[in-house]
Amino acid sequence: MQNSSDQGISATNDVTLDVTVQGDEGSVRLDRVLAVRSPALSRSRLKALILAGQVKIGANAIRDPAYHVAAGDTITIDVPPAIAAEPEGEDIALDIVFEDEDIIVINKPKGLVVHPAAGHETGTLVNALIAHCGATLSGIGGVKRPGIVHRLDKDTTGLMVVAKNDHAHQSLSAQFADHGRTNDMRRGYMAFAWGVPNRQRGTVDAPIDRHPHAREKMAVRDTGREAVTHWEVQQTFNDRHGKPVASLLACQLETGRTHQIRVHLAHVQHPLMGDSVYGPHFKTKSNALGPVSQKVLAELDRQALHAYMLTLEHPRTGEILEWISDLPPDLARLRAALAVTE
């Protein structure tokens, strides 16, 4: 961190600006004082910094642009480096399952964000793909998500396909929009869910929209878009008392909504194990597990969801291709631990 006047703002380093309010500036809005005293920063940039808690008076972050300052106040502005307009390539290892001149299929690990967004401007799959594919990567869909035709949540593992040119992007986008209704595209997931359904297979057909109060969440709502998830029980697990406590479900999507499987399974009272967003009220169910299962589940630290199967038509050859991904080590350990009644 360096101290600087606003004339020395750097594009690559954090900069701290100090502004002392003069007598004739007292009882004036914070954003107006800063607009005059920090001309190198635009009004919109200043507002964003204020709302982000980057502007302080003393030790207190002032998040209200309309806050009235007092004469003698020392205002500190922490200016982080500007984010590049376009993502840059980063040397991030990829688990490549298939690649040719048109598409690349990867096995995404947990913790990897798919495309840059607020709070995750770097270190994403897009950054890795730009470094790996270079100029061939399709730009359709916006510079922040070149070649991306579908996505997995940060902590969901498994198979993803990315287009490497415009033709492949158009073909794959059409296939994902259809979701296998009239083509051969299929997406399969393995989901460890709390509880055991009362039948072997079923379908959740419930529209999904933004949660009315928690904007980072989705919810089943009448105002939402169509969402259909098919599921089938693959395995059931008992607690240490011999009572059914969890199940492994094979899920297939007929639509592709944000958090769809997580929302739908929670909606039918079978939320994913480890899902702190959609299944927090089921966390105490882990008390019925044996000590080994409890330990493995606690170490999982993510929703127990893996995209294990992907089938699609190759955009150039028309060949039907299918890939299968085994459970990653953390979910394989969970499965083994749950299978043992302790």
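Over which residues does pLDDT stay under 50?

## Confidence and ground rules

That stretch is residues 1-12, for which the model has 33 contacts beyond four places in sequence; a contact means heavy atoms within 4.5 Å. Here pLDDT is the predictor's confidence in each residue, from 0 to 100. Where pLDDT is low, the predicted coordinates should not be read in detail. Across the chain the average pLDDT is 89, and 93% of the residues score at least 70.

This is a predicted model, in which local features need pLDDT of at least 70 and side-chain atom pairs count only at pLDDT 80 or more, while totals for chains, interfaces and linings use all residues. Residues are numbered from 1 along each chain as its sequence is written, and side-chain values use heavy atoms, with hydrogens and water left out.

## Two nonpolar cores

Let us turn to the interior. A nonpolar core is a set of buried Ala, Val, Leu, Ile, Met, Phe, Trp, Tyr and Cys residues joined through side-chain atoms within 4.5 Å. Buried means under 20% relative accessible area, exposed over 50%, and partly exposed in between, with a 1.4 Å probe and protein chains only. The largest such core has 28 residues, and the members touching the most others are Leu125, Leu129, Tyr189, Leu249, Cys251, Ile261 and Leu265. At least two residues each come from β7 (103-108), α3 (125-133), β8 (157-163), β9 (186-194), β13 (228-238), β14 (244-253), α5 (260-267) and β15 (305-313). Helix α3 gives the largest share, 4 residues. These helices (H or I, at least four residues) and strands (E, at least two) are DSSP runs, numbered from the N terminus.

Not counting residues up to four places away in sequence, Tyr189 touches Leu152, Leu249, Ala250, Cys251, Leu253, Ile261, Leu305, His306, Ala307 and Tyr308. A second, separate core holds 21 residues, including Trp194, Val245, Leu289 and Leu300.

Helix α4 covers residues 166-178, and its 13 residues should span 18 Å at 1.5 Å a residue; the end C-alpha atoms are 18 Å apart, so the two values agree. The expected span is 1.5 Å times one less than the number of residues. Buried in α4 are Ala168, His169, Ser171, Leu172, Gln175, Phe176 and Asp178, and these pack against β7, β8, β9 and β15.

At the N-terminal end, Asn165 caps α4, with a side-chain oxygen 3.3 Å from the backbone nitrogen of His167. After the helix comes His179, with a positive phi near 55°. Asn183 sits in the loop between α4 and β9. A polar atom of the Asn183 side chain lies 3.0 Å from the backbone nitrogen of Met185. Asn183 also touches Ala174, Gln175 and Asp178, not counting residues up to four places away in sequence.

## Helix α2

In α2 (residues 43-51), the buried residues include Leu46, Leu49 and Ile50. Seen down the helix axis, the buried residues of α2 fall within an arc of 100°, so they line one face; the arc is that of the directions from the axis to the C-beta atoms. They pack against α1 (30-37), β3 (55-57) and β5 (74-79). Just after α2, Gly53 has a positive phi of about 80°.

## Positive phi in two loops

Most residues other than glycine have a negative phi. His259, in the loop between β14 and α5, has a positive phi near 60°. With a relative accessible area of 16%, His259 is buried. Gln269, in the loop between α5 and α6 (291-300), has a positive phi near 65°.

Notes: A polar contact is a pair of N or O atoms within 3.5 Å; within protein, one must be able to donate a hydrogen and the other to accept it, and residues adjacent in sequence count only if both atoms are side-chain atoms.
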